[in-house]
Amino acid sequence: MSQAVVAKLKGTFAASVLDVKEHRGEVTVTVKKEDIVDICRYLKEEAGYNFLCDLCGVDYLGQTPRFMVVYNLYNITTKERLRVKVPVDEQDCCVDTVSGVWSTANWPERECWDLMGISFTGHPDLRRILMPADWEGHPLRKDYPLQGPGRDLYQGRLS
Amino acid sequence: MATKETMTINMGPQHPSTHGVLQLVLELDGETVVKAVPHIGFLHRGVEKLSENRSYHRALPLTDRLDYLAPMSNNLGYVLAVEKLLGITDQIPERAKVVRVMMAELTRIKSHLVWLATHALDIGAMTVFLYCFREREAIMDMYEKLSGARMTSNYFRVGGLSLDLPEGFENDVRDFIDAMPGHIDTYEGLLTGNKIWQKRTIGVAKISAEDAIDIGLTGPALRGSGVDWDLRRDNPYTGYEDYDFKVITRDGCDTFDRYKVRLDEMRESCKIIYQALDKLQPGPILADVPSVCLPAKKDVVNSIEGLIHQFKIITEGFKPEPGEVYQGIEAPKGELGYYMVSDGSANPFRMKIRPPSFVNLQALPQMVEGSLLADVIAAIGTLDIVLGEIDR
């Protein structure tokens, strides 16, 4: 079923779908970031993915593009999951917000901005959420030291 | 002409009815809430960052500390996610699966008991608090017997369980669930027909099914708005497909109906535990996957191979092949999800937790704006939040 949705998605947004992967029975679609809002709206309205479970960023330090923003979607009617990913460059570290598609994206996007430093264009209230408002840096980035700012990178518990 | 002014007040982070360190900035017009802005993060411990620097086995104890009222549910979500990442989901022994279901349901009862106790206390019904904590204490004792800890259980393992059930444990559980439905009747007797309780809950903090889905509510909070969705039935994990239980939904969309949903859920949990007890057969408690699971203690102390095996797993851990998985479970408070990314090393490359309370709390402003200040307390209670998992 997820595969059928992916096939339809490929038909509608042929130029946007970069990659489709299946791992442990879960389908992941990587798409271009310019079209993320349109694709999300399509998945919600046409394919029935009416529930955004989770949204987060992943830092692949050393690779280009450096970041991935991951959307875990759920269809409450057919009880199926689908994962959509968007590559984000370090130089142009922003994605359009999907909080207009699912209101639930509001806080997870704030969290992603706070901890990963990926900004969301058009977000209604993009403030830090877990870290203090005057904090500098984004702690979940791979080049952010585990033991706090200004410390060496953690080398394991025996270092 | 009279001027209309609003007043801004701080509720929390040290307010007893914010269930932890939640701060709400409320803009009030008289007693009516015009705007509510939650501030969170006071308990942020960086669990996701920490886990990236620990092996998979060593990241497990961090998960107890998320929703500390339901530690075993957190452990369960984590071990299921890692097992999926490893591709060993089918190899988990039957006994381990049954014990997991049994403990997950006891945890649900335990979590709902604290919810009911504090929710009722917040809106003025003190007696229920004491009764609920009496029953919760029994579950805590079982936790202690089983894992050695009353709260931070750390009992499940990737591949199965850390220890087998202690002697007489099944009888303890049976005695408890024999008595539990009677206790729930007692709570209902104190609250359901109580005029004050009804006034404080019926029609309070309403949210329609459509809005609830849009804002991301899950669990009893969503089922109280009439959405029939329970991951135990719809995307079964750890053998839930073999159990017979009802998914409770009610259409009132208000605090009272969410209260009824949770109470009935406790009764259903008792039914599931009865079935689990009947299914329980002697057998192995860990999967036969030596590269992942620790060897039995007797092998470690009696053979050099066993010792080396244990040493390898403790020092090096195991390395799932690169890939990513998402595992959602029906935790007491809603959908608890773990999104795990592996890069082929012994540490999780990325572990994103989707805590139900975090997303549920987002609905709070929508639920309270336009209502009375006193209803904010009821709304926080009915969402059943735990700041440990919101802030992580």
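# Reading a two-chain model

Q: What pattern does chain A follow, read along the sequence?
A: Along its sequence, chain A runs α-β-β-α-β-β-β-β-α-β. The elements are DSSP runs, numbered from the N terminus: helices are H or I with at least four residues, strands are E with at least two. That gives chain A three helices and seven strands, while chain B has 17 helices and eight strands. Before going on: this is a predicted model, in which local features need pLDDT of at least 70, side-chain atom pairs count only at pLDDT 80 or more, and totals for chains, interfaces and linings use all residues. Residues are numbered from 1 along each chain as its sequence is written, with chains lettered from A and ligands numbered from 1 in the order in which they are written.

Q: How do I read the radius of gyration of chain A?
A: Take it over C-alpha atoms and hold it against the globule rule, which is 2.2 Å times the number of residues to the power 0.38. Chain A comes out at 17 Å, close to the 15 Å the rule gives for 159 residues, so chain A is as compact as a globular protein of that length. Its C-alpha atoms fill a box of roughly 50 × 35 × 30 Å along the principal axes.

Q: And what radius of gyration does chain B have?
A: Chain B has 22 Å, which agrees with the value near 21 Å that a compact globule of 392 residues would have. The box for the C-alpha atoms of chain B is roughly 90 × 45 × 35 Å, again along the principal axes.

Q: What share of the residues of chain B count as buried?
A: First the count: a residue is buried if 20 or more other C-beta atoms, placed from the backbone, lie within 10 Å of its own, exposed if 12 or fewer, and partly exposed in between. By that count 51% of the 392 residues of chain B are buried, and for the 159 residues of chain A the figure is 40%.

Q: How much of the contact list in chain B joins residues 24 or more positions apart?
A: Two residues are in contact if their C-beta atoms, placed from the backbone, lie within 7 Å. For chain B, take the contacts with a separation of 6 or more: 70% of them join residues 24 or more positions apart. In chain A, among contacts between residues at least 6 apart, 47% join residues at least 24 apart.

Q: How do I describe the packing of H4(B) and H5(B)?
A: Two packed helices are described by the angle between their axes and the distance between the axes. The axes are lines fitted to C-alpha atoms, for helices over the stretch in contact, and angles run from 0 to 180 degrees between N-to-C directions. Helix H4 (residues 94–122) and helix H5 (residues 126–147) of chain B pack at about 160°, axes 8 Å apart. That makes H4(B) roughly antiparallel to H5(B) (under 35 degrees is roughly parallel, over 145 roughly antiparallel, 65 to 115 roughly perpendicular, the rest oblique). Among the residues making the contact are Leu106(B), Ile109(B) and Leu113(B) of H4(B) and Phe129(B), Phe133(B) and Ile139(B) of H5(B). Sorted by class, the contact has 15 nonpolar, no polar and three charged residues (Ala, Val, Leu, Ile, Met, Phe, Trp, Tyr, Cys and Pro count as nonpolar, Asp, Glu, Lys and Arg as charged, and the others, Gly among them, as polar).

Q: At what angle do H3(B) and H4(B) cross?
A: Helix H3 (residues 71–86) of chain B crosses H4(B) at roughly 140°, and their axes come within 8 Å. That makes H3(B) oblique to H4(B). Here Met72(B), Ser73(B) and Leu76(B) meet Arg100(B), Met103(B), Ala104(B) and Thr107(B).

Q: Is Thr107(B) buried or exposed?
A: Thr107(B) counts as buried because 25 C-beta neighbours sit inside 10 Å. Beyond its neighbours within four places in sequence, Thr107(B) touches Ala70(B), Met72(B), Ser73(B) and Pro332(B).

Q: How many residues does each chain put into the contact between chain B and chain A?
A: Chain B gives 32 residues and chain A gives 29. On the side of chain B that touches chain A, the largest share, five residues, comes from S6(B). That side divides into 10 nonpolar, 11 polar and 11 charged residues.
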